[in-house]
Amino acid sequence: RGRVRRNARRRGVPERVCYSIQVTHYKQYPPNTSKVYSYFECREKKTDSTKDRKVKYDKTVFYGLQYILHKYLKGKVVTPEKIQEAKEVYREHFQDDVFNEKGWNYILEKYDGHLPIEIKAVPEGSVIPRGNVLFTVENTDPECYWLTNWVETILVQIWYPITVATNSREQKKILAKYLMETSGKLEGLEYKLHDFGYRGVSSQETAGIGASAHLVNFKGTDTVAGIGVIKKYYGTKDPVPGFSVPAAEHSTITAWGKDHEKDAFEHIIKQFPSVPVSIVSDSYDIYNACEKIWGEDLRSLIVARSPSAPLVVRPDSGNPLDTVLKVLEILGKKFPLEENNKGYKVLPPYIRVIQGDGVDINTLQEIVEGMKEHRWSIENISFGSGGALLQKLTRDLLNCSFKCSYVVTNGLGVNVFKDPVADPNKRSKKGRLSLHKTPSGDFVTLEEGKGDLEEYGEDLLHTVFRNGTIVKTYSFDEVRENARLKEGELKELLR
């Protein structure tokens, strides 16, 4: 029990949510500093270093701040025990007494351990062009000027849900484009990219955050940790925000032995007669499985299934595009094909394909392009993505950055910024910031407090956190609505 109590204390703000360097920054600001104001953005790349990247990620999906506020910053997060433990840890860590014990005791005594900061942010789910402010942070008590950038580290970890949601949405745009071009409709789009990433991530927390970010755009997932995050920190009108189907894995096939693959297939599809069932079919020979077992031996069982309960054949090895095309070709010869009103081939509704191996945003693009070239409708296929969806991402992909832009020293407000001579991409913004939407629908960040002028209209940054209290929240349904593909985007995709 003592160990449990100690572990609980270690989750406190004074010790565990900042870089070591931030521990000593309270000694480094100019004397008589009373305000530090910082902001977060996904910086716009102004040089051509990404010219070879197929996906530019010009816009980002803002998601995940509400989770961080609820889990780490709201309420009484400073206690005497946490202060004492942090003091001891940092004394050993720095081999010196540099911890701001006085400052944390001030917060404990004056604010009962609640953090005297204000955070303003765009609505969760907002799709904002790179280079715009997404949230700002400032201290609300002049004695706590040092607190603004103390919480930088935990807040910047929003890069992860933003990046997952952004990457997922870009794949949704690709799927929407090719689904429209090959079928003329978007039916089933929300189930076209399934989250296979649970076992490929670094932790349970990563799984929950990343899976919830993917569900901003889609409704298919096997990473159930994301459902828990959404239900606890956002809430939905539906009982759950994500869905799955019964599915085989290699162990449930190979356990029958190589000579009994047909028996394994038959047993599994009979176990789930009234819902879709996905069966991995490449344990030995995917092409023989499609042609002989599915196409001949068990054909009558498949044909008898309803359109709402199809067999979903899953290849899981080989070159993704080549494998998908060959599987479709074989199934198209064994089952009666139709041609849709766009002139593309469609398998009968009781059989479909899911490609879940090697799927990232680039291979996804290659597969749907290849299918279109060979006159296959995207209606025939869905995708599963694992590590590429939730793990193979870094903060640098969207250049997520937190920078100070305004301070008050000796009662005088000063606009501050950085402008490295060796990298113009890292030039930061000046002064107090606001985000606005122009009459033409574009977003613009105004610097140096210019947004206070009424001519620019409403500031899209809203206070979500103040002095330890979350003052504005968003349901997951609102997040999804904010992030949905807009009509103008779809028209642009189809040009």
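**Close-up 1. Helix 4 packs against helix 5.** In this predicted model, helix 4 (residues 80-94) and helix 5 (residues 101-111) pack at an angle of about 170°, with their axes 10 Å apart. That makes helix 4 roughly antiparallel to helix 5 (an angle over 145 degrees). From helix 4 come Pro80, Ile83 and Lys87, which meet Glu101, Trp104, Asn105 and Leu108 of helix 5 (contact is heavy atoms within 4.5 Å). By class, this contact has 4 nonpolar, 1 polar and 2 charged residues.

**Close-up 2. Helix 8 packs against helix 16.** Here the angle is about 0° between helix 8 (residues 159-183) and helix 16 (residues 361-373), and their axes lie 10 Å apart. The two helices are therefore roughly parallel to each other (an angle under 35 degrees). Among the residues in contact are Ile174, Leu175 and Tyr178 in helix 8, and Ile361, Leu364 and Val368 in helix 16. The contact of helix 8 with helix 16 counts 6 nonpolar, 4 polar and 4 charged residues.

**Close-up 3. Leu155 in the largest nonpolar core.** This core has 133 residues, and Ile119 and Leu155 have the most contacts inside it. Such a core joins buried residues (under 20% relative accessible area, 1.4 Å probe) through side-chain atoms within 4.5 Å. Helix 8 supplies the largest share of the core, 10 residues. Leaving aside residues up to four places away in sequence, Leu155 touches Leu65, Ile68, Leu73, Ile119, Phe135, Val137 and Phe402.

**Notes for all views.** Numbering starts from 1 along each chain as its sequence is written, and side-chain values use heavy atoms, without hydrogens or water. Local features need pLDDT of at least 70 and side-chain atom pairs count only at pLDDT 80 or more, while totals for chains, interfaces and linings use all residues.

Conventions. Axes are lines fitted to C-alpha atoms, for helices over the stretch in contact, and angles run from 0 to 180 degrees between N-to-C directions. Helices (H or I, at least four residues) and strands (E, at least two) are DSSP runs, numbered from the N terminus. Angles under 35 degrees count as roughly parallel, over 145 as roughly antiparallel, 65 to 115 as roughly perpendicular and the rest as oblique. Ala, Val, Leu, Ile, Met, Phe, Trp, Tyr, Cys and Pro count as nonpolar, Asp, Glu, Lys and Arg as charged, and the others, Gly among them, as polar. Buried means under 20% relative accessible area, exposed over 50%, partly exposed in between (1.4 Å probe, protein chains only).
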